[in-house]
Amino acid sequence: RKKLVIDTDPGIDDGMAVLIAMNSEEVDIIGLTTVFGNVYTPTATRNAFKLLEIAGRTQIPVAEGAQRTFAGIEKDWVADFVHGDDGFGNMNFPDVKGEKDSRSAADFLIELVREQPGEICILALGPVTNLALAMQQDPSFARNLGELVILGGAFFVNGNVNPATEANFFGDPEAADFVFGHSAKIKVVGLDVTHSCTFTGSELKGLHGKGRFGTFLSSITAFYLKYHQDSYDMDAVYVHDPAALAVVLWPSLFTWRPGQIRVLTESVARGMSVMDTQLKRWNRPHPWTDRPKVQVAVAVNAQEVTQRLLQR
Ligand code: BDR
Ligand code: CA
C-alpha cells in the first residue's frame with residue numbers, strides 16, 4: 001500500500017478526493033496538510049477535520065500549511081463562487097474539534113520524507129506552496145520523495161481562471177515554477193485530462209443515502225453543480241481532484257508525456273503552464289535547460305476513471 005499524504009484546500013472536489021481515498025485500499029493515508037486556494041488556510045484546516053470526522057479517521061494528523069504565497073503575499077481572494085464561502089457549498093456545518101499537528105505542513109512533510117526516504121507519496125490538490133517551501137528548506141526533500149502527483153495546469157487547452165491559467169497554479173505561480181525546477185519525481189494532471197472526467201447531476205443526486213460519504217458529498221456538490229451549470233452550461237461537474245487521486249490509484253489509465261515545465265509569474269498570462277515537448281533543443285543555456293523532465297497527463301480513459309471513482 002502506498003503511504004499517502006494529501007495536501008489540500010478543501011474545497012468540494014477536494015472533499016470528494018479525500019473521502020474516495022479513504023475508501024481505497026491501495027493507499028494508507030498518513031496525513032493531511034492544508035493550504036489556501038478554494039478557501040483561506042484556516043478554513044481548509046477546519047474542513048480537513050470535518051472530512052476526518054465523516055470518515056471516522058480522526059487519528060490521522062492534520063498539519064496546517066502556508067497562509068501566504070511562496071513570494072510572501074497575503075491571500076486576499078478565494079474561489080468562494082465555486083465552492084462557497086465555507087468551501088463546502090455553504091452548508092455551514094458546525095465546527096469540528098481537532099488538534100492540529102504542532103508542525104507546519106512543510107516541516108511535517110520534510111520530517112516524513114527524511115524518516116522514510118523513497119516511501120512517501122504526496123497528492124497535491126491545491127496551490128503547491130507547502131511543497132515549494134519543503135523543497136526550499138530541505139535540499140534532500142525533492143530527491144527523497146517517493147512520488148508527487150500534482151493537480152494543476154492547463155497545457156494544451158484553455159485555463160479555468162482565464163484562458164491562460166488553471167486555478168491551482170494561478171493561486172501560487174512562483175511556488176509552481178519553483179517545484180517544477182526542483183524535482184523529476186512529478187506526475188502532473190491538468191485540465192487537459194480533468195475536463196474529460198465528470199459526474200453528472202443525476203449521479204451526484206444518486207449518492208444521497210449511499211452511506212455517510214455519499215450523503216455528505218451529494219449535499220456539498222449541489223452548489224458546485226450550480227456553478228458548472230452557470231459557467232459551462234453543463235449538467236455535470238468536473239472531478240479534478242478525484243482524477244488526480246486516480247493517478248495515484250490507477251496510473252495506467254492515463255497517457256503520459258515527459259517534458260520540462262515553466263509556470264509564468266508575470267504578464268496577463270501569470271500562472272500559465274507551458275510544457276516543452278521537443279526532445280532536443282539548441283545547446284546554448286536558456287531558462288528551460290536545467291529543468292528536470294516530469295510526466296504530464298495528456299489523455300485519460302475517462303469512462304473507466306469516473307466509473308471507478310463513483311463506485312468508491
Ligand atoms: C482545481 O482548483 C480548485 O478549484 C479545485 O479544487 C481543483 O483543485 C481545479 O482547477
Ligand atoms: Ca483543490
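**Exercise 1.** In this predicted model, find how many nonpolar, polar and charged residues the shell around ligand 1 has.

*Solution.* Sort the shell by class: there are 5 nonpolar, 6 polar and 4 charged residues. Next, look at the whole group: 15 residues surround ligand 1, and the closest are Gly 11, Asp 13, Glu 166, Ala 167 and His 240. Finally, ask which elements give two or more residues to this shell: they are α1 (12–22), α7 (167–171) and α12 (240–249).

**Exercise 2.** Let's stay with α1: work out why it is largely enclosed by the rest of the structure.

*Solution.* Start with the test: a residue is buried if 20 or more other C-beta atoms lie within 10 Å of its own. Now apply the test to the helix. The buried residues of α1 include Ile 12, Asp 13, Asp 14 and Gly 15. In total, 10 of the 11 residues of α1 are buried, so this helix is largely enclosed.

**Exercise 3.** Trace how β6 pairs with β5 and with β11.

*Solution.* Take β5 (residues 147–151) to begin with: this strand and β6 (residues 186–189) run in the parallel sense over 4 bridges. Leu 151 has Val 189 of β6 as its bridge partner. Then turn to β11 (residues 294–300), which pairs with β6 in the parallel sense over 2 bridges.

**Exercise 4.** Which residues have the most contacts inside the largest nonpolar core?

*Solution.* This core has 97 residues, and the ones to pick out are Leu 109, Leu 123, Ala 124, Val 189 and Ala 244. Now zoom in on Ala 124: leaving aside residues up to four places away in sequence, Ala 124 touches Asp 7, Leu 131, Leu 148, Val 149, Ile 150 and Leu 151.

Terms used:
Residues are numbered from 1 along each chain as its sequence is written. Chains are lettered from A and ligands numbered from 1 in the order in which they are written. This is a predicted model: local features need pLDDT of at least 70, side-chain atom pairs count only at pLDDT 80 or more; totals for chains, interfaces and linings use all residues. A nonpolar core is a set of buried Ala, Val, Leu, Ile, Met, Phe, Trp, Tyr and Cys residues joined through C-beta atoms within 7 Å. A residue is buried if 20 or more other C-beta atoms lie within 10 Å of its own, exposed if 12 or fewer, and partly exposed in between; C-beta atoms are placed from the backbone. Two residues are in contact if their C-beta atoms, placed from the backbone, lie within 7 Å. A residue is near a molecule or strand if its C-beta atom, placed from the backbone, lies within 6 Å of it. Ala, Val, Leu, Ile, Met, Phe, Trp, Tyr, Cys and Pro count as nonpolar, Asp, Glu, Lys and Arg as charged, and the others, Gly among them, as polar. Two strands pair if DSSP finds at least two bridges between them.
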